[in-house]
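Here are my notes on the model you sent over. I have set them out as numbered points so that you can follow along in your viewer.

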Amino acid sequence: ELDGNSFLSHAARNLPSTMLGWHYRSRSESLISFSNAAFYDSELLTVPERAVQDSGRAEIRPQAPEEGEKNAALLLERPVSFHHLEGARYESRRNPAEAAYIAHLVKGLLAAPERPSIGIVAFSEAQQTQIETALERLAAQDKEFGARLEEEYEREEDGQFSGLIVKNLENIQGDERDVILLSVCYGPGPDGRMLMNFGPINQSGGEKRLNVAFSRAKKHMAVVSSIPHTAITNVYNDGANALRNYLQYAAAMSSGDSRTAAAILKSLGTGRASQEVDQDLVVTAVAEALKSRGLEVEAYVGQSHFRCHLAVRKPGETSHGVAVFVDTEGHYDETDVLEREVLKPALLRAFGWTVCHVFTKDWQEDREGVLSRIERRLSGEAPEPGAEAEVDPPSSP
């Protein structure tokens with residue numbers, strides 16, 4: 001008979017394990033980077049993100065649940081969004097304000113042209129029920145939303161159920177959706193005092209439950225919280241500390257504060273991705289030459305140990321266009337040639353990148369030719385025959 005709360009905890013102790021090498025679910029690297037650093041020792045390879053972080057994003061601080069409908073647009077603009085419901089109250093393991101706000105977020109999402117699939121995760125069964133009740137109440141008030149909601153509960157794609165799910169930490173394992181709405185629920189009680197009672201999160205293995213919830217989103221994660229990360233003070237508890245760090249990370253990513261987000265990830269990780277990158281002279285020289293031609297260039301883009309040596313874009317564009325790889329010493333340290341030469345470029349292309357390889361020999365002999373080739377690729381021109389082989393991306397990245 002099992003005497004613990006998690007089958008996964010028993011399996012981890014008693015069964016052999018193999019570490020997965022690649023993460024394919026999340027279409028944005030920032031959706032999985034926290035879990036990679038906090039739980040996988042930064043060993044997962046994740047695909048570098050084309051989108052450029054916008055540090056000018058405003059914080060999302062709704063004053064009423066009804067604002068969730070219009071804030072759905074802000075959610076769809078950001079891979080990770082943090083919705084701070086300051087003043088909401090937690091009582092009897094429920095947070096009615098968060099539940100009502102999430103119902104209005106769902107209403108806005110169902111009216112969006114993208115019509116993403118939606119999953120809602122609560123931290124307790126009681127809050128799950130509260131959210132389901134809030135959805136029912138809003139559907140009763142708005143018949144058009146009610147019809148869309150009913151249709152969403154039955155939604156299928158390619159013969160598979162992909163409709164709206166409302167679950168909790170104990171039963172979300174195995175599910176994934178385009179958008180995940182996470183109700184933190186915990187907050188000050190009616191008397192304004194904040195207790196450090198986080199239910200299953202405080203129990204042994206609580207951080208593993210959080211990891212499951214944090215890694216369900218394919219395109220967007222929306223964290224709905226009544227508290228900032230500073231409200232959590234029992235950092236000696238692994239689960240509570242993981243929640244505190246994640247709330248800080250989500251808030252930073254939501255506002256485009258990539259520097260703070262990167263610092264959080266670095267503080268969590270001990271693997272290769274958390275180590276300083278050795279600057280290569282050719283990478284630096286190519287970057288400076290491209291900048292002198294008026295292009296925007298970032299070096300070593302990526303939040304795992306799969307990084308683009310250079311990410312290049314035209315001035316004013318919000319996404320990188322070309323990923324440049326140089327045959328650095330580290331490039332040849334990668335002994336899996338198939339992964340290095342085929343899989344990585346193919347995955348980048350599957351995620352919208354154009355890939356360009358620069359060899360040190362070519363750079364030394366014909367710098368102008370190398371720079372012109374990168375500029376042509378940035379403008380959408382196909383590579384010259386035989387210059388760079390295009391590889392079809394995997395069928396299910």
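1. **The chain overall.** Please keep in mind that this is a predicted model. The protein chain has 14 helices and eleven strands. Of its 397 residues, 51% count as buried. If you take the contacts between residues at least 6 apart in sequence, 69% of them join residues at least 24 apart.

2. **The largest nonpolar core.** This core has 39 residues, and Phe123, Leu182, Val223 and Tyr246 are those with the most contacts inside it. The elements that give it two or more residues are the helices H2 (33-39), H7 (206-214), H8 and H9, together with the strands S1 (80-84), S6 (177-183) and S7 (217-225). Helix H8 provides the largest share of this core, with nine residues.

3. Which residues does Leu182 contact, leaving aside its neighbours within four places in sequence? The list is Val121, Phe123, Ala213, Phe214, Met221, Ala222, Val223, Val224 and Tyr246. Phe123, Val223 and Tyr246 from this list are also named, along with Leu182, as residues with the most contacts inside the core.

4. Apart from the core of 39 residues lies another, of 31 residues, and its members include Ile102, Leu138, Leu164 and Val179.

5. **Helices H8 and H9.** The axes of H8 (residues 238-254) and H9 (residues 258-268) come within 8 Å and cross at roughly 150°. Angles over 145 degrees count as roughly antiparallel, so that is how H8 runs relative to H9. The crossing of H8 with H9 is left-handed. On the H8 side the contact involves Asn245, Gln248, Tyr249, Ala252 and Met253, and on the H9 side Thr260, Ala261, Ile264, Leu265 and Leu268. By class these are seven nonpolar and three polar residues, with no charged ones.

6. **Helices H5 and H6.** The axes of H5 (residues 125-141) and H6 (residues 143-153) come within 5 Å and cross at roughly 135°. The two helices are therefore oblique to each other. The contact of H5 with H6 has seven nonpolar, two polar and one charged residues.

7. **His104.** You will find this residue in helix H4 (residues 96-110). His104 has a relative accessible area of 12% and is therefore buried.

8. **Asn234.** This residue sits in the loop between S7 and H8. Is Asn234 buried or exposed? Its relative accessible area is 4%, so Asn234 is buried. Apart from neighbours within four places in sequence, Asn234 is in contact with Met196, Phe198, Asn202 and Ala240.

9. **Glu49.** Here is another loop residue, this one between H2 and H3. Glu49 counts as buried because its relative accessibility is 15%, and the cut-off for buried is under 20%. Not counting residues up to four places away in sequence, Glu49 touches Ser28, Glu29, Ser30, Pro79, Val301, His320 and Trp353.

10. **Two positive phi values to look at.** Most residues other than glycine have a negative phi. Asp41, which is not a glycine, has a positive phi near 55°. Asp41 lies in the loop between H2 and helix H3 (68-77), and at a relative accessible area of 34% Asp41 is partly exposed. Ser92 also has a positive phi, of about 55°, although it is not a glycine. Ser92 is in the loop between S1 and H4, and with 53% relative accessibility Ser92 counts as exposed.

How values were computed: Residues are numbered from 1 along each chain as its sequence is written. This is a predicted model: local features need pLDDT of at least 70, side-chain atom pairs count only at pLDDT 80 or more; totals for chains, interfaces and linings use all residues. Side-chain values use heavy atoms; hydrogens and water are left out. Helices (H or I, at least four residues) and strands (E, at least two) are DSSP runs, numbered from the N terminus. Buried means under 20% relative accessible area, exposed over 50%, partly exposed in between (1.4 Å probe, protein chains only). Axes are lines fitted to C-alpha atoms, for helices over the stretch in contact, and angles run from 0 to 180 degrees between N-to-C directions. Angles under 35 degrees count as roughly parallel, over 145 as roughly antiparallel, 65 to 115 as roughly perpendicular and the rest as oblique. A crossing is left-handed if the near helix is turned anticlockwise from the far one by less than a right angle, and right-handed if clockwise. Contact means heavy atoms within 4.5 Å. Ala, Val, Leu, Ile, Met, Phe, Trp, Tyr, Cys and Pro count as nonpolar, Asp, Glu, Lys and Arg as charged, and the others, Gly among them, as polar. A nonpolar core is a set of buried Ala, Val, Leu, Ile, Met, Phe, Trp, Tyr and Cys residues joined through side-chain atoms within 4.5 Å.
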